Structures are given as C-alpha cells and as structure tokens.
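Hi everyone, thanks for coming. Could you bring the structure up on the screen, please, and then I'll walk you through a few places in it.

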Amino acid sequence: MLLRWPSLLLYVPCLPHRAPVTVDVVVPVPLDRTFTYLVPEALTPDIARGVRVLVPFRQRQLTGVVVAVAPDADGSALDFTAKPIADVLGVTPALTSEMLRLTRWMADYYVCGWGEVVRAALPSGTDVATERRLRRTETPVPETWENHTRARAVLEDLNGRDDTTLTGLRQRVGPVPLRLIRKLADDGLLTLTTGLSEASVQVKTETHLRLAAPFQTAGAVRDAQEQLRGPKQRLVLEVMAGLLAEGVDTPRQADVVERAEASYSTIHRLVEMGLLESVTQQVNRSPLDNLAPPSPPPDHAFHPHQAAALEAIEEAITAERFESFLLHGVTGSGKTEVYIAALKAVRARGKTGIILVPEIALTPQTVQRFRAHFGDHIAVLHSRMSLGERFDAWRHLRHGRYDIAIGPRSAILAPLENLGLIVVDEEHEPSYKQFDPAPRYHARDVAVMRAHMNDAVVVLGTATPSAETYTNAAHGKYTLLPMPERVPNAAGVAVTMPSVDVVDLTLERKKHRLEGAISETLYEAIATRLDRNEQVILLQNRRGYAPVITCENCGWAPGCSDCAVTMTYHKARRHLRCHYCGLAARLPRACPECGSDELTQIGTGTQRVEEELQERLPHASILRMDLDTTSRKNAHHDILDRFRRGAADVLLGTQMVAKGLDFPRVTLVGVVSADVGLLLPDFRAEERTFQLLTQVAGRAGRAELPGTVLLQTRNPEHPLFHAVTTHDYHDFMAYILNERQVLRYPPFARLAVVEFRGPKAARVEEVARQWTGPLRQRAAQADGPVEVLGPEPPMVGRVKKQFRYHTHVRVPRTTDAPPLQPLLRAADEAFGSPPRGYHVAIDVDALGLF
C-alpha cells in the first residue's frame with residue numbers, strides 16, 4: 001500500500017474537461033531532461049503541475065514531480081511508447097509554479113539535472129522507490145565460494161539479520177556488484193526480492209480525548225460518576241472535568257492516563273460506554289518546543305545608520321520592487337534589528353520572508369530574537385532536526401501556517417508563497433555553498449535570483465563582505481547600506497570597537513614567555529578578566545588534541561587508510577581520527593615501522609588548549625565547543641546557555657564561537673593560533689582568515705564593558721593583521737582585489753571546478769583526461785577567452801577511498817567572454833555517463849581549489 005502525500009487543504013483549480021493524457025516528469029537522476037508518461041484515466045483528476053507521482057524508470061520505480069501537463073495530447077503524436085504513471089502521491093502540488101521556475105534556473109546555472117534540484121527542494125524521507133531486499137537462507141556455503149572474499153563478506157553480514165536492503169549492505173561492506181548478489185541467489189545462499197519502499201517519514205498523530213457532548217458540565221459528570229462502579233473510571237472522568245475547567249477540552253490521552261494513574265483499557269471502556277470520545281490529532285514536531293518562551297524584545301530607538309538603512313529597504317518593499325542591498329555593518333552595529341524591522345514591514349503587506357543564517361550561527365539565541373517579535377509564525381529548518389521535524393516544518397510552510405522560515409542554506413528552498421523579503425546574514429560564509437551532492441548551489445546567489453523572480457527585496461548582511469559581493473556593490477549591482485558604528489548600549493552610551501593587538505609567538509618564545517600553545521601575555525590577560533568576574537572567549541580553529549603524531553626516530557606518521565591525510569589524535573578517547581571520513585584507530589604505543597616509543601604529538605587542537613588552561617588556571621570554569629562536544633541534540637544550546645548564565649568563565653572552541661554570539665560580560669577574545677588556515681594553498685585563504693578573525697573579534701566589548709582582542713601569530717608582518725588591528729576592511733579588500741585581478745581569480749573571473757573520483761587512481765586520471773580533452777577543444781573554438789587547467793590531483797588526492805582529479809575552468813568577467821555553463825554542459829553530454837563506480841561532479845562558482 002502506497003503512503004500518499006498528506007492533504008494540505010489547499011485549493012487546487014480543476015483541470016479542463018478534456019482530461020490530460022501525457023505529462024512531463026523529472027526524476028532524481030543526474031540527467032538534464034524530462035520524461036514523458038501517460039496518465040491513466042483514473043488518475044487524471046489528481047494530475048497538476050508540481051504534484052508528486054510514482055513512475056516506472058528503467059527496471060525500477062521512482063518518485064518524480066510533474067513539470068508539464070499536456071491536456072490536448074492524445075499520445076498518438078509521440079514517436080515512442082510512453083509508459084503510464086503508477087500513482088499520484090498526493091493531490092496538492094508539492095512545488096508551486098514559482099518553485100518549478102527557480103529549480104529549472106538552478107539546474108541550468110549549476111549544470112546538473114532538474115530532478116536533482118527538485119529532490120533538494122523537497123523534504124527528505126518522503127520518496128517512494130523500488131528497493132532490493134536480501135535475506136540469508138540456511139543453505140551451507142559450498143567450497144566454490146569459500147575463497148571469494150567479497151561473497152564471504154556479504155554472507156557474514158547477512159548472517160543473523162532478518163533481511164536488509166542492497167543499499168544498506170553496500171554501506172556496511174563496500175561496493176557489491178548486483179551480478180554477485182544474483183549468483184549467490186541462484187546458488188540458493190540468499191533470497192533477492194524487489195518491492196516498493198515506504199516513505200521513511202510521514203505525518204505523526206496521537207490520540208486525544210474529550211468528554212462526550214452530554215457530559216461536558218460538572219453536574220453531568222457527577223451524575224455519570226454515580227453510575228460507574230470502577231474507581232479508576234470515576235477518577236478518569238474527574239480528571240477530564242478538571243482539565244475542561246482549566247480550558248483544556250481535548251487533552252492528550254497519555255496525559256489523562258498519567259494523571260488518573262489509569263490503564264488504557266479503562267479509557268477504552270469509557271469510550272465504548274459513550275462517556276468519552278477518542279480524537280486523532282496531528283502532532284507538530286518542532287525543535288522550538290524545547291526552548292523556553294523568549295523574553296520580551298527591548299524597545300529602543302534606531303541609531304541613525306540603522307534608520308537610514310531601514311528607510312531604503314522599506315521604500316523598495318513598499319514599491320514591491322526587486323532590489324539587492326548590501327548591509328555592510330561592523331560587528332555590533334545592529335544588523336539583526338534592521339532585519340526584524342524589514343520583516344515586520346513585509347508581513348504588514350501580507351507577504352512572507354526567509355532569513356538565512358550560517359548553520360554554525362543558527363544558535364537558540366538567534367532564533368529567540370526573532371521569536372520574541374514574531375512568536376509562532378516562525379519555522380526553523382536545519383540539518384540537526386529529525387526527519388519528522390523537517391517534514392512538519394516543510395508542510396506547515398507549504399500550508400501557510402508559518403510565514404517566516406529561518407535556517408541555513410537549504411531554507412532558501414522553503415515552500416513559501418507571496419515572498420517579500422530574503423535576508424542572507426553573514427553572506428560571506430562559505431557554508432552557504434553546497435558541495436555534495438548536486439545541486440552545488442550557493443544560497444546567497446539563489447536568494448538574489450529568487451527575490452528577482454518574485455519582485456522581492458534581498459538583504460545581504462555582513463561585517464566582512466565577500467570579494468564578489470563587495471565588487472557587485474562597487475559596480476552598482478547591489479545598493480550599499482553602510483553601518484560603520486556600533487549601536488549604543490542600554491544606557492545610551494556609545495559602544496566602541498574592541499582594541500586588537502598582535503602577540504608575536506616567535507618573540508614570546510625568545511623571551512621564555514611561551515610554553516605550550518598559550519603565551520604568558522594571553523594568560524595574564526585571561527587571569528585579569530577572571531579576577532574582575534568577566535568572561536573570555538578563546539578561538540582555536542582546529543579540533544582534537546594534536547593534528548599530527550610522528551615518530552622521532554624514523555619519521556612515521558599515522559595516515560588514514562581511506563584518505564590521503566594524517567590522522568588527528570583525540571586524547572579524550574585515546575584514539576586517532578580522520579577528519580575527512582571519520583575513520584578511527586587506536587593510538588599505537590610504539591612506532592609500527594621501527595618500534596621506537598618516541599612518538600611526538602605535533603600541533604594544537606581544542607582538547608590540548610583545554611588541558612593547558614585547566615593546568616594553569618585550575619579555578620577557572622571552562623566550556624569547550626567543537627564538533628566533538630556538540631554532536632548530541634541540543635548540546636549547542638546547553639553549552640551557550642551555561643555560558644550565558646555565568647556558569648563558566650571561558651568559552652573555548654572552533655569557529656562555532658565566532659558567529660552570532662552576544663554576551664555582555666565577554667571583554668576578552670583570544671585567538672590561540674591566528675595562522676590556522678592562513679597559509680593554505682587556496683586563493684581565498686587570506687580572505688577567509690580575515691573574515692574569521694574580524695568576526696570573532698566582534699564578540700568582545702559589546703555592552704558597557706570595553707573589549708580587547710589578542711591574536712597570537714608567527715606571521716605578525718602579514719598585511720592581514722594590520723587590517724584586523726585597525727578594523728580597516730576596505731584597505732584589506734583593496735589588497736586582495738589587486739592580487740585577484742593579477743591572477744585572474746574571482747571576482748574578476750568565473751571559476752568552475754570539475755572533480756573526477758573513483759576507486760582506481762589510473763582510471764580516474766583516464767576519465768578526467770577523456771572528459772577534459774573535448775572541453776579544451778571547445779574552449780579553443782569559443783567566441784572569447786576560456787582557460788582550462790588540468791586535470792591534476794588536488795592537494796588531498798584521496799578521500800573516502802576515492803581518488804580525485806580536478807579540472808579548473810576560468811572565464812573572465814568581461815562582455816566578450818563566452819558563458820561558462822554551455823561549455824560545461826556540452827562537455828558533460830559529449831562524455832556521457834562515467835564508468836560504474838566513477839563520478840564526475842561540476843562545481844560552478846567554486847569556492848576553493850582543493
């Protein structure tokens with residue numbers, strides 16, 4: 001039985017009297033085309049653009065979306081035999097016409113399949129598809145299979161399992177050819193069946209109770225109790241009457257059972273007797289249920305720069321005119337208040353809004369600021385929500401229950417209609433770029449296009465605009481709204497930017513003031529703040545204890561068996577872990593190469609910094625916030641809440657501590673190693689380091705108490721540090737843009753990276769050269785300059801057992817330059833499908849080179 005899409009109670013206009021017989025459908029495969037299907041007569045009333053359908057596709061069935069309906073076709077004009085769709089999965093369109101247009105544009109711009117984009121726009125877990133299931137039989141393994149390593153691994157995995165999917169088997173034991181499974185089935189060692197999977201997420205319901213109509217008064221309940229013999233039955237009615245008096249007329253059945261200490265059979269008997277009625281209600285699963293009600297928002301007048309920015313934004317909102325704004329405000333300048341005021345102006349006109357926040361900055365503190373103004377009109381979307389929570393948020397947005405969506409990059413595809421405003425906070429953040437799987441889109445750029453399609457306003461806010469955004473504003477594509485000053489504090493006193501000083505670690509070591517990762521200068525500053533009952537934030541953008549372990553005798557270092565990187569030592573669990581694939585291994589007591597026990601731990605992660613702090617400052621309370629300490633649900637919220645309540649003196653973490661935090665008692669920010677990331681072989685390394693240091697510096701001195709920032713570095717003469725210490729973004733950007741122009745990198749060129757990956761290095765290289773060769777020929781014939789570099793292995797040449805090669809394609813941003821996408825699309829179509837187990841991924845507007 002197929003699980004159908006739940007009705008969202010939306011009006012769907014009737015189709016013309018003449019029933020459509022063919023539809024064009026996109027399916028979630030990496031092909032840039034639609035597929036035509038016949039519509040059985042029984043299903044024609046439910047067909048419309050945007051509805052989900054189950055369709056046959058090759059030897060399986062997939063969930064697709066109807067993108068075009070042909071009501072006047074009779075199928076006879078087709079030059080092929082169209083297959084009929086198998087079912088309609090809900091009569092309400094999952095995607096509106098506007099979302100179909102947006103997803104089509106994304107497929108064209110990011111050179112991927114339309115169905116891949118559509119899949120990204122729909123909630124996970126709702127697909128229905130064909131799946132193969134396996135079960136081990138009791139047949140003994142014959143000698144012919146004893147020495148077959150892969151077959152033995154398959155059979156050992158299946159032993160003791162009821163059954164499993166082929167996909168699940170491959171996830172556990174690695175690549176398994178279907179022909180091997182069929183041979184094992186032919187020999188009777190396992191059974192192989194094919195069927196339809198059920199959707200892994202659906203509407204959740206729960207049972208509620210209410211007093212039957214004749215018994216909804218206190219007197220009627222007393223009369224009914226006198227007729228009952230069982231004391232538990234009488235107590236249940238007493239509880240129901242008490243809840244009704246409290247204004248709860250339909251409580252949860254589980255709550256009634258708990259209060260009355262009754263059994264479910266008692267409840268069922270009262271329902272049978274007609275005293276109670278059982279009601280099934282849908283449950284809204286939301287991460288906001290775990291948050292306390294927000295505090296009332298403060299009432300304060302806008303700073304002149306805030307008022308000027310809001311006036312420009314509101315003028316465009318009132319005119320219902322598309323316009324892109326760059327809200328360039330220093331940290332603490334009140335950008336969020338401008339977002340909120342603009343959102344109020346949009347909602348006053350009956351329109352909806354999307355607030356994009358980098359996932360790392362999507363803290364409960366951020367959400368609560370919006371909830372304080374908009375209450376339960378907000379839906380939150382992010383990756384740490386359960387499938388059920390994300391599904392409920394999506395369907396309520398689609399239904400219109402919520403008119404504001406807040407979340408990371410995927411929230412740009414929220415199913416809101418009548419869109420009036422999109423805000424991209426911290427627009428420079430690289431987390432707005434999707435890497436894998438396709439579509440490899442940039443949420444900021446999709447936000448600009450979606451606003452354009454809806455005659456809406458888009459606001460890009462940041463203290464450190466990306467080079468591309470800064471250039472767009474300089475050329476007039478975006479309207480610049482500067483906010484160069486921090487807003488006054490609660491007492492109306494101007495809040496100044498923190499003082500930023502550089503600590504030269506090389507000089508500190510010469511003065512014998514550096515043992516470990518933290519200099520005496522930084523220790524003294526921390527101790528001073530603790531004596532004054534103030535708080536400290538420390539940034540070390542590297543987790544674990546030691547990034548490298550090496551043998552002093554022979555130079556051996558533990559590398560990941562699946563990736564071309566060394567493993568990081570995590571002292572808390574005494575193991576080595578690969579930060580690319582997650583593989584873990586025990587730390588050897590001696591070098592496996594030479595037997596020496598002189599294994600040196602090189603480098604510093606957050607665990608090592610925490611250990612040093614505890615040794616030097618034993619009375620300080622320290623909280624560590626990194627991927628290891630925030631893996632469980634709500635851990636992020638719990639750590640920040642403890643720090644906000646003053647339960648800790650020092651908050652130590654990776655870049656998680658650099659974004660979206662506002663603690664009035666934080667007067668010192670220390671960066672343990674400001675060089676992390678600075679010297680990477682990537683043209684964006686300096687820009688990203690500057691943005692990170694500026695953002696974390698902005699956490700200091702945001703209220704009455706002045707702030708200080710100390711940056712520890714071994715490269716104090718680098719131009720970046722002068723710009724950070726003087727808060728001179730424009731000087732730094734001039735330095736960066738001059739370098740980019742000479743080297744022909746974005747924003748002076750469009751950059752695409754084509755990645756080739758697979759299990760055999762030589763075969764990956766062959767695929768890369770076969771794909772790139774025709775592209776280079778087309779580039780030479782193009783009407784304008786096109787530069788094709790590679791293919792070559794990137795800095796990390798193997799990840800998750802997959803060898804990698806990259807081809808870079810650059811096109812200058814000039815009027816005579818050819819468009820990049822047609823070249824890439826033509827090359828991809830000419831190559832066709834890569835060999836089984838090998839992959840080609842096209843990344844348009846790539847953010848990095850490795």
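Glu 426 counts as buried, because its relative accessibility is 8%, and buried here means under 20%. Keep in mind as we go that this is a predicted model. Glu 426 sits in the loop between E15 and H15, and its phi is positive, about 50°, although the residue is not a glycine.

There is another residue of that kind to look at. His 512, also not a glycine, has a positive phi near 60°. You'll find His 512 in the loop between helix H17 (505-510) and helix H18 (520-531). Is His 512 buried or exposed? His 512 is exposed, with a relative accessible area of 72%.

Now back to the loop between E15 and H15, please. Pro 437 lies in that loop, which runs between strand E15 (419-425) and helix H15 (443-453). The peptide bond joining Asp 436 and Pro 437 is cis, with omega about -5°. A cis peptide bond also joins Pro 746 and Pro 747, with omega about 15°; Pro 747 is in the loop between helix H23 (729-743) and strand E29 (749-758).

One more proline while we're here. Pro 818 belongs to the loop between strand E32 (802-812) and helix H25 (820-831), and Pro 818 is buried at 12% relative accessible area.

On to strands. In what order do the 5 strands of the open sheet come? The order is E2-E1-E4-E3-E5, with antiparallel pairing. At the edges are strand E2 (35-38) and strand E5 (87-88), each pairing on one side only. Inside the sheet, strand E1 (residues 22-26) and strand E4 (residues 60-70) run antiparallel and are joined by 5 bridges, and Val 26 faces Val 65 in E4.

For a parallel pair, go to strand E25 (residues 622-625). E25 pairs with strand E26 (residues 650-653) over 4 bridges, in the parallel sense, and Met 625 stands opposite Gly 653 in E26. In a regular strand, side chains alternate between the two faces of the sheet. In E25, Ile 622 and Arg 624 point one way, Leu 623 and Met 625 point the other way, and all are buried.

Let's finish with charges. The model has 47 salt bridges by the rule used here; I'll pick out a few. Asp 163 and Arg 133 meet through their side chains at 2.9 Å, N to O. That pair links distant parts of the chain, 30 residues apart: Asp 163 is in the loop between helix H4 (149-158) and strand E7 (164-165), and Arg 133 is in strand E6 (residues 130-136).

Arg 172 and Asp 157 form a salt bridge too, at 2.8 Å, N to O. Arg 172 lies in helix H5 and Asp 157 in helix H4, so this pair ties together parts 15 residues apart in sequence. Arg 172 is partly exposed at 37% relative accessible area, whereas Asp 157 is buried at 12%.

Within helix H14 (residues 387-399), Arg 395 and Asp 392 are about one helical turn from each other, because they are 3 residues apart. Their closest N and O atoms are 3.0 Å apart in a salt bridge, and both residues are buried. Salt bridges with shared partners also join Asp 32, Arg 104, Asp 108 and Arg 825 into one network.

Last stop: Arg 170, Arg 179, Lys 183 and Arg 836 gather in a positive patch on the surface. Thanks, and please jump in with questions.

Conventions:
Residues numbered from 1 in each chain as written. Predicted model: local features only at pLDDT ≥ 70, side-chain atom pairs only at ≥ 80, totals over all residues. Heavy atoms only, no water. Pairing = 2+ DSSP bridges. Helix = DSSP H or I, 4+ residues; strand = E, 2+ residues; numbered from the N terminus. Patch = residues over 30% accessible without salt bridge, like charges linked within 9 Å, V, L, I, M, F, W, Y side chains within 5 Å. Areas by Shrake-Rupley, 256 points an atom, 1.4 Å probe, with all protein chains shown as cover. Salt bridge = Lys/Arg side-chain N within 4 Å of Asp/Glu carboxyl O. Lys, Arg positive; Asp, Glu negative; His and termini not counted. Charge placed at Lys NZ, Arg CZ, Asp CG, Glu CD. Buried < 20%, exposed > 50% of the residue type's maximum accessible area, 1.4 Å probe, protein only.
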